[in-house]
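Let me bring the structure up and jot down what I look up.

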Amino acid sequence: MNDAGRNAMQFRDPARAAQMASLLERLVGEIGREPVSVMHVCGSHEQAIARFGLRAIFPRALEVIMGPGCPVCVTDMPEVDEAVALAEDGIRIATYGDMLRVPGTARSLADAQAAGAKVDVVYSVTQAQQLAAKLDEELVFFASGFETTAVATAAVLLGSPPPNFSILSAHKYIPPVMEIVAEMPHTRVEGFLAAGHAATITGCAIFERFVERHRIPVVVAGFEPLDILAGLAKLLELVRDRRPEVANMYPRCVTREGNRRAQEVLWKVFRPVGGRWRGIAHVPNGNLRLRDEFARFDARRRFKIDVSRLWDYAPPSLAHSCICGDIMAGIASPSSCSLFGKQCEPDNPVGACMVSTEGTCRIWHQYGGQLDLRDKDERA
Ligand code: SF4
């Protein structure tokens, strides 16, 4: 095993995990009411929770809700429509694999590809740029992801991208959506577990104003099992003590200020604008769009994108029954959706939460339809 493997194993020690589980049980008991509901806003947290079976050791009275933390799931239909319209107009599109099957109003990029459009799957913006450099035609990178991946997109634009390369940005910025969730009338969220990788860029100080405004604690946590358990323990302590504070439980990667150089790169290229997140709401400052200085790389300004023709021919859809928005807001779970595992499955997704490996419905489906591994009697 190499050093990286050994390092990871330190954070997967079953004996310490069992101790942490007892600590969670004690803290929930000290809070003295149930359920205690907290939310994480990161698909990678949900993946780790499911992969390591952590819900089986969470106290029954602790509800860990998955919020709007999957960038693919929150890419709005009109954004997908823009990519589909460009592809159908003969422009070559490159994007991440998960984005292919995200349903637009009428079609997905995979549908367009099946009908002959040129759509390439890439693993990074750098790979998309390299592909463009080999081509003598326009290539648009349909860019999704939160601030972590937006930094990579920005860095490429600050380099010397080829002239035939442009960006259709569906990048999103996490902090503003936490405001929306905190203000939802039926929200049960008493604390947030924030994503360690995004905070590596932004720094944990970014949450201080949020905490001041909403009086809800935020704990930054990493992605190994003990990181998540320790993050939850700290969050429960803060809830118990009614201390609305920001705590950094991922100090091996996250600092208060974050990565200043990455922030500079991000904000030099992008500006935050209001826009819809699929199923959630209009999120003020939640979308990242290219600044005027980078207009020549902005596919929205470089091409005339006519999405209205897609809307005219939108087939009847089951999408109106999709409750992704309620799931990401923490007020419903996939099992409440009448389409889950029936009309909506990973091979035939109705909503975006079933598409991405970071989507709640997809993760629930992958792990057998429910995320608590205890049998029903034990859960009762
Ligand atoms: Fe939407 Fe499918 Fe999830 Fe139902 S199961 S909420 S239709 S993604």
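How many residues surround the ligand, and which are the closest? I have to keep in mind that this is a predicted model. I looked around the ligand and got 13 residues, with C322, I323, C337, C344 and C361 as the closest.

Next I sorted that shell by residue type. It splits into 12 nonpolar residues and one polar residue, with no charged ones. I also checked the space the ligand takes up, and that turns out to be the largest cavity.

Then I went to the domains. The chain is divided into three pieces: domain 1 covers 17-70 + 183-248, domain 2 covers 77-173 + 259-311, and domain 3 covers 319-367. I looked up how far apart the centres of domain 1 and domain 2 are, over C-alpha atoms, and wrote down 31 Å. Where these two domains make contact, domain 1 puts in 11 residues and domain 2 puts in 10 residues.

Last stop, the nonpolar cores. I remembered from class that nonpolar side chains tend to be buried together in soluble globular proteins. The largest core here has 104 residues, and L109, F141, F165 and F192 touch the most other members.

Terms used
Residues numbered from 1 in each chain as written. Predicted model: local features only at pLDDT ≥ 70, side-chain atom pairs only at ≥ 80, totals over all residues. Heavy atoms only, no water. Near = heavy atom within 4 Å. 1 Å grid on protein atoms, 1.4 Å probe; cavity = no way out; pocket = protein on both sides within 12 Å on 5 of 7 lines; lining within 4 Å. Sits in = over half its atoms within 2 Å of the grid points. Nonpolar A, V, L, I, M, F, W, Y, C, P; charged D, E, K, R; others polar. Core = buried A, V, L, I, M, F, W, Y, C linked by side-chain atoms within 4.5 Å. Buried < 20%, exposed > 50% of the residue type's maximum accessible area, 1.4 Å probe, protein only. Domains from an automatic or database assignment. Contact = heavy atoms within 4.5 Å.
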